[in-house]
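Good morning, and thank you for coming.

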Amino acid sequence: MRKLLIWAPLVLFLAFVGLFASGLFQPDDRVIHSRLVGQSLPAFTLPAAASDRPALASTQLATGKPRLLNIFASWCVPCAAEAPQLMALKQAGVDIDAIAIRDARPDVDAFLRRNGNPYARIGLDARSGVQMALGSSGVPETFIIDGKGRIAYQHIGDIRADDVPMILDRLKDAS
Amino acid sequence: MKLILALFLALMAVPVAAQTALPPAPWADRQIPDAAQERKAKALMETIRCLTCQSQSIADSGASMAGDMRSEIRERIMQGEQPEAIRSWLISRYGDWVSYEPTAAPILWPLWAAPLLLLGLGLLLLRGRIRRKGQK
């Protein structure tokens, strides 16, 4: 017994080395997914963020047809990068609404003039309150809302060109 | 000279105007007047993790979203909401990840049991020592 016990510290040490090594070599996943995927959209009403688009309320997202809810901001660079993909989705017949985070109307107007405007409605979330209620942790993010107003999918980060077919598939699944 | 200076200043002002001049949320960096409420809010903010700077609490982080979260927490505390209710609201959005306070979830049982186990081990060792001394 005593002889075996002598090895315990070494075994413990090796176990720790193994633990740390696995932590070091495991790819780092820092993406925080919303816990609301699969649940209904929290209720909200937001004022209009742009001059030529109406305001947005959660009730307007349960229309019987799945649609996209894009979380963006005029100050966000990847949001400008995903603009062509959103435009392509719009041209494919997808309804897209948006929430602009910590933004101001003149900035949103300028952003839309520069990058195009694929949105039907844009709500202004000046203090990230709705973003928190959605469990969204950054910009850009895109939620697929099914016809009944449930969150079917959350896309974190910008939509790349090769994500577009996947988004279209998921929209089809959500209907 | 004055004209040149005015022109110079006008040109310098352009990059500033091109940025969003959105002020921080009203209660992001302002204390609640009621000290007891502020203590509650501060204690909660120190155990809520920032979503942008993931190894900081929102009390420490300068990220704009952390400011918005601080403001949200202070406003809710002022409306009389309990800190633990706000924590569970956040956990229902972001998962246990968002809170630094360990929960009673089964995966954490070893964590809660560790002090008892270590104490037990210590007592066992102590007993052995005392017995050996007694035999001498």
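Predicted model: local features only at pLDDT ≥ 70, side-chain atom pairs only at ≥ 80, totals over all residues.

Let me begin with α2(B) and α4(B), which pack at an angle of about 30 degrees, with their axes 10 Å apart. The axes here are lines fitted to C-alpha atoms, for helices over the stretch in contact, and the angles run from 0 to 180 degrees between N-to-C directions. Helices (H or I, at least four residues) and strands (E, at least two) are DSSP runs, numbered from the N terminus.

Residues are numbered from 1 along each chain as its sequence is written, while chains are lettered from A and ligands numbered from 1 in the order in which they are written.

To return to the pair, α2(B) and α4(B) are therefore roughly parallel to each other. Angles under 35 degrees count as roughly parallel, over 145 as roughly antiparallel, 65 to 115 as roughly perpendicular and the rest as oblique. The crossing of α2(B) and α4(B) is right-handed; a crossing is right-handed if the near helix is turned clockwise from the far one by less than a right angle, and left-handed if anticlockwise. On α2(B) the contact is made by K40(B), A43(B) and L44(B), and on α4(B) by P83(B), I86(B) and R87(B). Two residues are in contact if their C-beta atoms, placed from the backbone, lie within 7 Å. By class, this contact has four nonpolar, no polar and two charged residues. For those classes, Ala, Val, Leu, Ile, Met, Phe, Trp, Tyr, Cys and Pro count as nonpolar, Asp, Glu, Lys and Arg as charged, and the others, Gly among them, as polar.

How do the axes of α2(B) and α3(B) cross? They come within 10 Å and cross at roughly 140 degrees, and the two helices are therefore oblique to each other. This crossing, of α2(B) and α3(B), is right-handed. Q37(B), K40(B), A41(B), L44(B) and M45(B) of α2(B) meet R70(B), I73(B), R74(B), I77(B) and M78(B) of α3(B). Six nonpolar, one polar and three charged residues make up the contact of α2(B) with α3(B).

Now to α3(B) itself. This helix, residues 64-78, has 15 residues and reaches 21 Å from its first C-alpha to its last, close to the 21 Å expected at 1.5 Å a residue; the expected span is 1.5 Å times one less than the number of residues. Why is α3(B) described as largely enclosed by the rest of the structure? The reason is that 12 of its 15 residues are buried. A residue is buried if 20 or more other C-beta atoms lie within 10 Å of its own, exposed if 12 or fewer, and partly exposed in between, with C-beta atoms placed from the backbone. Among the buried residues of α3(B) are M65(B), M69(B), I73(B) and I77(B). Their cover includes α5 of chain A together with α2 (35-45) and α4 (83-94) of chain B. Just after α3(B), G80(B) takes a positive phi of about 95 degrees.

For chain B as a whole, there are five helices and zero strands. Buried residues make up 21% of its 136 residues.

We turn next to the other chain. In total, 19 residues of chain A are in contact with 17 residues of chain B.

Finally, some backbone points in chain A. Most residues other than glycine have a negative phi, and most peptide bonds are trans. S128(A), however, has a positive phi of about 60 degrees although it is not a glycine. S128(A) sits in the loop between β5 (122-125) and α5 of chain A, and is buried, with 26 other C-beta atoms within 10 Å. R102(A), also not a glycine, has a positive phi near 45 degrees, and lies in the loop between β4 (96-101) and α4 (105-115) of chain A. R102(A) is buried, with 24 other C-beta atoms within 10 Å. The peptide bond from V139(A) to P140(A) is cis, with omega near -10 degrees, and P140(A) is found in the loop between α5 and β6 (141-145) of chain A.
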